[in-house]
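The following note sets out points for a colleague who is about to examine the model. Each point may be checked against the coordinates.

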Amino acid sequence: MKDILDTIFSRRSIRIYDRKKLDKETITNLLKAAMAAPSGSNSRPWEFVVVTDEDKINFLRSKIKYGNYNAPAIIIVCSNLAIAQNESAYKYWVQDCSAATENLLVAAAGMGLGTCWVASYPKEDVMKLLRETLGIPEDVFPLNLIYVGYPAEEKAPRTQYDETRVHWESY
Ligand SMILES: Cc1cc2nc3c(=O)[nH]c(=O)nc-3n(C[C@H](O)[C@H](O)[C@H](O)COP(=O)(O)O)c2cc1C
């Protein structure tokens, strides 16, 4: 396991993947990392749809303009207010599900996997496609698709640190 800062800096969007498939334990570990994220009042509004079926992945790839990448698995991070622990989720589900997503991305980087966050919400056309293809109900919101697999491209780690964006003590 890499040092946590090195892991964070090494996380890059990977858009070319090896053919090697992910086993269920690996995917489950990614989901455990996602569900360890903070959420408003610990409401945990998230649900995850895991897609490894090649035909479904190829169909989604062919339909999503900025998502035509050959990952062996796609995890759709969704929000379901009906199963959230409390009403905080109405206000904070985007943040809650984004925190879960980032946990998943960083965990994947630490495990030597590549990922790419592909946008769904608030794109009505992508949400509709995901609902129709994967049977996601109307009251469940697919925030994004996380493409995941073993990387077949190399990207340099980097921080993007910019001290002009930092205001110490006051703006
Ligand atoms: C909200 C959000 C939406 C994104 N949507 C897409 C997308 O639809 N397709 C894509 O290829 N990358 C997408 N990305 C990835 C960004 O392009 C990428 O994170 C950014 O260019 C920085 O590069 P890095 O991830 O390698 O650090 C998205 C990232 C975020 C956070």
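1. The protein, seen here as a predicted model, contains 5 helices and 4 strands. In sequence order these elements follow the pattern α-α-β-α-β-α-β-α-β. The radius of gyration is 17 Å, close to the 16 Å that the globule rule gives for 171 residues, so the protein is as compact as a globular protein of that length. The C-alpha trace spans about 50 × 40 × 30 Å along its principal axes.

2. Two totals describe the packing of the chain. Buried residues account for 32% of the 171 residues. Among contacts between residues at least 6 apart in sequence, 80% join residues at least 24 apart.

3. Strand 4 (residues 140–149) deserves attention, as 10 of its 10 residues are buried. Strand 2 (residues 73–80) runs antiparallel to strand 4 and is joined to it by 8 bridges; in this pairing Ala-73 stands opposite Val-148. Strand 3 (residues 114–119) also pairs with strand 4 in the antiparallel sense, over 6 bridges, and here Val-118 is placed opposite Leu-145.

4. Which residues of the largest nonpolar core touch the most other members? Of its 40 residues, they are Ile-74, Val-77, Tyr-147 and Val-148. The elements that give two or more residues to this core are helix 2 (24–35), strand 1 (46–51), strand 2, helix 4 (88–110), strand 3, helix 5 (124–134) and strand 4. Helix 4 gives the most, with 9 residues.

5. Tyr-147 may be inspected individually. Residues up to four places away in sequence being left out, Tyr-147 touches Tyr-69, Ala-71, Ile-74, Thr-115, Cys-116 and Val-118.

6. Ala-71 belongs to the loop between helix 3 (54–63) and strand 2. The C-alpha atoms of Ala-71 and Cys-116 are separated by 9.1 Å, although the two residues are 45 apart along the chain.

7. The residues around the ligand are Arg-12, Ser-13, Tyr-66, Gly-67, Cys-116, Trp-117, Val-118 and Ala-119. By class, this shell comprises 5 nonpolar, 2 polar and 1 charged residues. Val-118, one of the residues around the ligand, is also the residue that stands opposite Leu-145 in strand 4, and Cys-116, likewise around the ligand, is among the residues that Tyr-147 touches.

8. Most residues other than glycine have a negative phi, and most peptide bonds are trans. The peptide bond from Tyr-121 to Pro-122 is cis, with omega near 5°; Pro-122 lies in the loop between strand 3 and helix 5.

9. Ser-41 is not a glycine, yet has a positive phi of about 50°. Arg-44, also not a glycine, has a positive phi of about 45°. Ser-41 is located in the loop between helix 2 and strand 1, and Arg-44 is placed in the loop between helix 2 and strand 1 as well. Ser-41 is partly exposed, with 14 other C-beta atoms within 10 Å, whereas Arg-44 is buried, with 21 other C-beta atoms within 10 Å.

Definitions and conventions. Residues are numbered from 1 along each chain as its sequence is written. This is a predicted model: local features need pLDDT of at least 70, side-chain atom pairs count only at pLDDT 80 or more; totals for chains, interfaces and linings use all residues. A residue is near a molecule or strand if its C-beta atom, placed from the backbone, lies within 6 Å of it. Ala, Val, Leu, Ile, Met, Phe, Trp, Tyr, Cys and Pro count as nonpolar, Asp, Glu, Lys and Arg as charged, and the others, Gly among them, as polar. A residue is buried if 20 or more other C-beta atoms lie within 10 Å of its own, exposed if 12 or fewer, and partly exposed in between; C-beta atoms are placed from the backbone. Two strands pair if DSSP finds at least two bridges between them. A nonpolar core is a set of buried Ala, Val, Leu, Ile, Met, Phe, Trp, Tyr and Cys residues joined through C-beta atoms within 7 Å. Two residues are in contact if their C-beta atoms, placed from the backbone, lie within 7 Å. The radius of gyration is taken over C-alpha atoms; the globule rule is 2.2 Å times the number of residues to the power 0.38.
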